[in-house]
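Student: I have a structure open and want to learn how to read it. Can we go through it feature by feature?

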Amino acid sequence: MNTLAQEAEYQARRGPQAFDAWLAERSVPIVDGRSVTFVWRGEADEVLLRHWIHGLVGGLPFHRVHGTQVWLLSIDVPEGSRVEYKLEVARWGERRLLADPLNQHAAADPYGANSVVHGHGYTPPEWILPDSEARAGELRTHHLHSQAFGGERRVQVYLPARFRTTRRYPLLVVHDGEEYLRFAAFKTVLDNLIHRLEIPSMVVALTQSPNRLEEYADDPRHARYLVEELVPELERLYPLVQKPSARGLMGASFGAVASLSTAWRHPGYFGNLLLQSGSFVFTDIGNHDRGPLFDPVVKFVNSFRKHPGRPTEHLYMSCGVYESLIYYNRSLVPLLQKSGMTVKFSESHDGHNWENWRDRLREGLSWLYPGPLFMVYE
Amino acid sequence: MSQRIVLIGPQRLQPTLNQVVDSLGVTGRVAAVTAGWEEREGEDRELSEHLGGRTANLDVWARVEDIMSSDSELVGLMRHRADRLRAAHEFYRLRLAHALDAARELLKRQADPGYEDLLQAEQEGALRTVRAVDAGHLDRVRDIHAEFGAAAQPARRSAVIKHRQELQRVTRECELLCVAGGHVIVLLHRLALLDVLTVWGTSKPIVAWSAGAMALAERVVLFHDSPPQGQGNAELYEPGLAAYEGVLPLPHARKRLRLHDAVRVQLMARRFAPDRCVTLDALTRVEWDGTRWLGAAGTQQLTPQGHLTEVSA
């Protein structure tokens, strides 16, 4: 047990008031270098830390400070980590998953919210916060009929501040656009990075799928929708640079699979790919263990590994080291590099979540779309 | 250099231009260059209102667009120059990166007692190398511009002559030239093509900020210490229009430079000496009064020791 955990235990034994006073001077979980101490207070039969760190035993047990209602758990967390978790509290035969009531940091995702530990050395980037000096872009909503899918599709289009029809803009097409907006502060990030001149003023199409697990899993209809319907329509509506070098495609998780598979089916159409925590599960032998939803993904990635071709020119890929997908993502890098594409791969001490993807946006976007930072002084 | 030149901080959020204009005793028309804003050149209402509606935009960006639309041979020569410049910059960056890495590493070092002279000699040698790389690049860029000038002969082209004559007519009625920021190279090349500074002459004052201040300097240095990609190596990009000498303007210095990093500050100051590297943040001002540079309170320059000091100190 580390010194801080020992101190926590000592304070807990001194009684609730002493512990309250001691705790009030600290943020919980208590981060002391690499050591993180979690605290739960209350009656329970068992308290577990539920996390999404691949490779670490799931459900790490807290220990109760004898004679108190204080439960403690200390673990080592590498420098710069961001860890999402919940507490599992067992009482009278019932188990409940809770956000940590003592922790003010939470991260939202489509399934709810998790508590978050900011490990030593991690601070949320300042460019994710609204900047009063940054001019705001605009979101417009379009509905277009898709022959590929046989129905209407909704797409939101981000237009940069000071958008004008007399110039031409690069285009980035984003999978799960609404989630990027809601959970990864995407509009604020675009406003800020454009304001900082770290990326050029650009048009961003935020797409959404009603059935992403099917349509993003190497569905030929999806690739057709993007290449033959969406992009041509956007090029008709907006002043875009109609060249592969100015077109990009991005997504996270299954959205990354959809991005790569679309580019693979239409090589050279998109000059830039931004793939975050791609669900690039493959097999070298036998069947996979990810369930039937992954069948088309595995089939695609296996085919891609056999015949990668050269789907794009520039490819940025990122993955958290706490994800089970890190193995697949790392494994793809040499293959991608060999294909002649310019590839950048980035790892983070984070998991499969929207804030991880948010935190990598600056690096990925500015690498694929370098802004006029050195040229413009307003 | 007898012309009054005033360099001021960025004007978007905390404009001070009207105060500067008043302090210069200018009561008449003000010629404005907003070509650095490129296709937004004409969106100068705020600037005009700030100066009480007495600006005459010289339309430098639009004039060059007009020239290019009517002179395809000139456009071809400009593209050829741009390609040559791009290649020159690319090669320069490769050498520069290594030279700067060595200089930074040596400037970070502390010598053990008795070895200070050896370290100092290497530090000075590393700085000489950086300066030599800069100087060589600047020579090559000058040559490229000279090749372009000889081939294109802009002053003999009818479209250029026409716009220069119009500029002479417009500027004759103005008492002050103000040059706004934006894209520094677009601004520089367009001002050069129309020879705006010659048209303006040396008897009436000039106020410039951000990229405007950079384009008018002897040397155009591009800089950012913390870009999202790369080392943040300041680049001596091109010769400027040399409306003034002795100052290297650093607009938005607080945002763009790590001013608490003594090694970076020192390297910048020593690399570009004897010019003074002046930080031009909001509300700052440095002025050439015909005999010397004067800084307003709070206007700072980088020192060879790696600190900041008031310009007038």
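Predicted model: local features only at pLDDT ≥ 70, side-chain atom pairs only at ≥ 80, totals over all residues.

Student: Start with domains. Which domains does the assignment give for chain A?

Tutor: Look for the residue bounds. In chain A, domain 1 covers 3-118 and domain 2 covers 126-368. The C-alpha centres of these two domains of chain A lie 35 Å apart.

Student: How many residues of domain 1 of chain A are in contact with domain 2 of chain A?

Tutor: Count each side separately. Twelve residues of domain 1 of chain A touch 13 residues of domain 2 of chain A. On the domain 1 side, β7 (82-91) and β9 of chain A each supply at least two residues. β9(A) gives the most to that side, with three residues. By class, the domain 1 side has six nonpolar, three polar and three charged residues.

Student: Why does Ala107(A) count as partly exposed?

Tutor: Count the C-beta neighbours. Ala107(A) has 18 of them inside 10 Å, so it counts as partly exposed. The cut-off matters here: a residue is buried at 20 or more and exposed at 12 or fewer.

Student: Which residues is Ala107(A) in contact with, leaving aside neighbours within four places in sequence?

Tutor: The contacts of Ala107(A) are Glu84(A), Ala113(A), Asn114(A), Val116(A), Asn353(A) and Glu355(A). Take Ala107(A) and Arg290(A): they are 183 residues apart in sequence, and their C-alpha atoms are 26 Å apart.

Student: Now a sheet. What is the strand order in the open sheet of eight strands in chain A?

Tutor: The order in chain A is β11-β12-β14-β13-β15-β16-β17-β18, with mixed pairing. Next, find the edges. β11 (138-146) and β18 (342-348) of chain A each have a single partner strand, so one side of each has no neighbour in the sheet. From one strand to the next, the twist averages 20°.

Student: In which sense do β16 and β17 of chain A pair, parallel or antiparallel?

Tutor: Parallel. Strand β16(A), residues 272-276, and strand β17(A), residues 314-320, share five bridges.

Student: How is the size of an interface often given?

Tutor: It is often given as the accessible area lost when the parts come together. Here we count residues instead. The contact between the chains takes 18 residues from chain A and 20 residues from chain B. On the chain A side, α11 (361-368) and β19 (376-377) each give two or more residues. α11(A) gives the most, with four. The chain A side divides into eight nonpolar, two polar and eight charged residues.

Student: Which strand of chain B does β19(A) join?

Tutor: Strand β5(B), residues 182-183. Two bridges link the antiparallel pair. In this pairing, Val376(A) stands opposite His183(B).

Technical notes. Residues numbered from 1 in each chain as written. Chains lettered and ligands numbered in written order. Contact = placed C-beta atoms within 7 Å. Nonpolar A, V, L, I, M, F, W, Y, C, P; charged D, E, K, R; others polar. Pairing = 2+ DSSP bridges. Axes fitted to C-alpha atoms, helices over the stretch in contact; angles between N-to-C directions. Domains from an automatic or database assignment.
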